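Subject: Structure handover

Hello,

I am passing on the structure we spoke about. Please look through it first; my notes on what was found follow below.

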Amino acid sequence: LDDIFQYWVPPLRRFPTSILCRLWRDIGGYLVERGSHGVNVYTWYHQQFFIVASERFLSSNVIRQQRHQALVEYFMGKWYRGKPYRTKDINGNVTGMTVADRTISQQELILRTADDGSTEYNRRRLTELPHHVNRAGKMAQAEEVFCDFEFIQGKVDTGGTYDLVQELIDAQTRFPESEKIKTFLRFMRSQVHILMLNPHLLFQQAANQPSKSPVAIAGWDVIVTRSKKDNHNLIKSRATGLKPSTSPRMSMRPVVHNWIVWKNKPEVEDLCEMT
């Protein structure tokens with residue numbers, strides 16, 4: 001983009017449409033359009049293009065990690081409010097840093113909630129983010145994704161429970177020192193047969209884990225947060241005579257008002273695993 005915008009930087013720092021049209025005219029004959037998780041994507045129509053592109057643009061582990069990290073940041077919506085870049089003068093010398101709107105998608109986990117309570121998830125994020133975060137090489141980032149119960153609920157609700165177990169196994173292999181990933185993998189392995197048939201029991205099963213377990217702590221945090229939001233929404237609707245909010249955050253899924261607290265539950269992790 002520095003070569004394109006040598007003399008003037010537009011408010012939206014993106015490739016001009018004219019250049020994209022020229023690029024499409026040159027390579028459009030070598031691309032094929034297909035569907036992927038509810039959206040249309042383009043890919044090379046022949047395996048040889050994949051091989052040559054990988055050899056040229058992904059020639060080292062460092063470069064591959066950088067590309068995976070860029071896609072992690074995209075699917076996590078890191079730059080949707082603006083992305084920083086280095087400003088340069090006409091001679092190419094760096095003059096400072098600024099932020100420009102690239103009109104990048106926010107990549108919210110939940111796209112919309114219907115009137116009947118059904119939820120439409122961002123399936124591209126649910127599928128692509130685990131793949132790239134495992135290959136970006138950052139353990140803290142992997143823990144943020146795989147130990148997020150909102151993300152886990154999305155995988156379970158969309159039938160990706162077994163996929164999540166495999167992704168956690170991959171994460172454990174790449175980040176063997178992460179105790180959080182090990183704990184969440186153990187939890188998912190032991191509960192996968194239940195969650196496949198009853199995905200709405202995710203947080204109840206998490207709450208049944210030992211109290212000091214990262215799984216139980218994260219699960220109860222979500223339960224308490226949702227209960228407060230649900231109660232606030234219900235009180236507000238009664239006071240105003242309006243229907244409860246149907247925003248994604250407030251109506252993520254049907255409200256469950258009662259949770260079972262296992263008073264005398266074992267406070268040590270069960271050694272049995274579902275394999």
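Helix α3 (residues 61-75) and helix α4 (residues 123-135) have axes that come within 8 Å and cross at roughly 145°. The crossing of α3 and α4 is left-handed. On the α3 side, the residues that take part are Gln 65, His 68, Leu 71, Val 72 and Phe 75. They meet Arg 124, Arg 125, Glu 128, Leu 129, His 131, His 132, Val 133 and Arg 135 of α4. By class, the residues in this contact of α3 with α4 divide into 5 nonpolar, 4 polar and 4 charged. Please keep in mind for this and everything below that the model is predicted.

Arg 125, Leu 126, Leu 129 and Pro 130 are the α4 residues in the contact, and they meet Phe 151, Gly 154 and Lys 155 of α6. The contact of α4 with α6 has 4 nonpolar, 1 polar and 2 charged residues.

Leu 126 can be looked at separately. This residue lies in helix α4 and counts as buried because its relative accessibility is 2%. Leaving aside neighbours within four places in sequence, Leu 126 is in contact with Leu 109, Tyr 121, Phe 151, Gly 154, Lys 155 and Thr 158. Leu 126 and Val 145 are 19 residues apart in sequence, and their C-alpha atoms are 10.0 Å apart in space.

Next, the aromatic residues. How many aromatic pairs does the structure hold? There are 8 aromatic pairs. One of them joins Phe 149 and Phe 184: the ring centres are 5.6 Å apart and the planes are at 50°, so the pair is tilted. Phe 149 lies in helix α6 (residues 149-157) and Phe 184 in helix α8 (residues 179-197), so this pair ties together parts that are 35 residues apart in sequence. Phe 149 counts as buried because its relative accessibility is 2%, and Phe 184 counts as buried at 1%.

Phe 149 also pairs with Phe 203. Here the ring centres are 5.5 Å apart and the planes are at 50°, so this pair is tilted too. Phe 203 lies in helix α9 (residues 202-207) while Phe 149 lies in α6, so the pair ties together parts that are 54 residues apart in sequence. Both Phe 149 and Phe 203 are buried. Elsewhere, Tyr 30, Trp 44, Tyr 45 and Phe 49 form one aromatic cluster.

Two loop residues are also on my list. Gln 107 is found in the loop between β4 (94-100) and β5 (110-113). Gln 107 is not a glycine, yet its phi is positive, at about 55°. Is Gln 107 buried or exposed? Gln 107 is buried, with a relative accessible area of 9%.

The other loop residue is Asn 208, which lies between α9 and α10 (214-240). Asn 208 has a relative accessible area of 19%, and because the cut-off for buried is under 20%, Asn 208 counts as buried. Not counting residues up to four places away in sequence, Asn 208 touches Ile 260, Trp 262 and Lys 265.

On cysteines, a search of the whole structure finds 0 disulfides. Cys 21 counts as partly exposed, at 48% relative accessibility. Cys 147 is buried, with a relative accessible area of 11%.

Finally, some totals for the chain. The protein chain has 10 helices and 6 strands. It has 275 residues, of which 33% count as buried. Of the contacts in the protein chain with a separation of 6 or more, 54% are between residues 24 or more positions apart.

Regards

Conventions. Residues numbered from 1 in each chain as written. Predicted model: local features only at pLDDT ≥ 70, side-chain atom pairs only at ≥ 80, totals over all residues. Heavy atoms only, no water. Phe/Tyr/Trp six-rings, centres within 6.5 Å; stacked < 30°, edge-to-face > 60°. Helix = DSSP H or I, 4+ residues; strand = E, 2+ residues; numbered from the N terminus. Buried < 20%, exposed > 50% of the residue type's maximum accessible area, 1.4 Å probe, protein only. Axes fitted to C-alpha atoms, helices over the stretch in contact; angles between N-to-C directions. Left-handed = near helix turned anticlockwise from the far one by under 90°. Contact = heavy atoms within 4.5 Å. Nonpolar A, V, L, I, M, F, W, Y, C, P; charged D, E, K, R; others polar. Disulfide = S-S within 2.5 Å.
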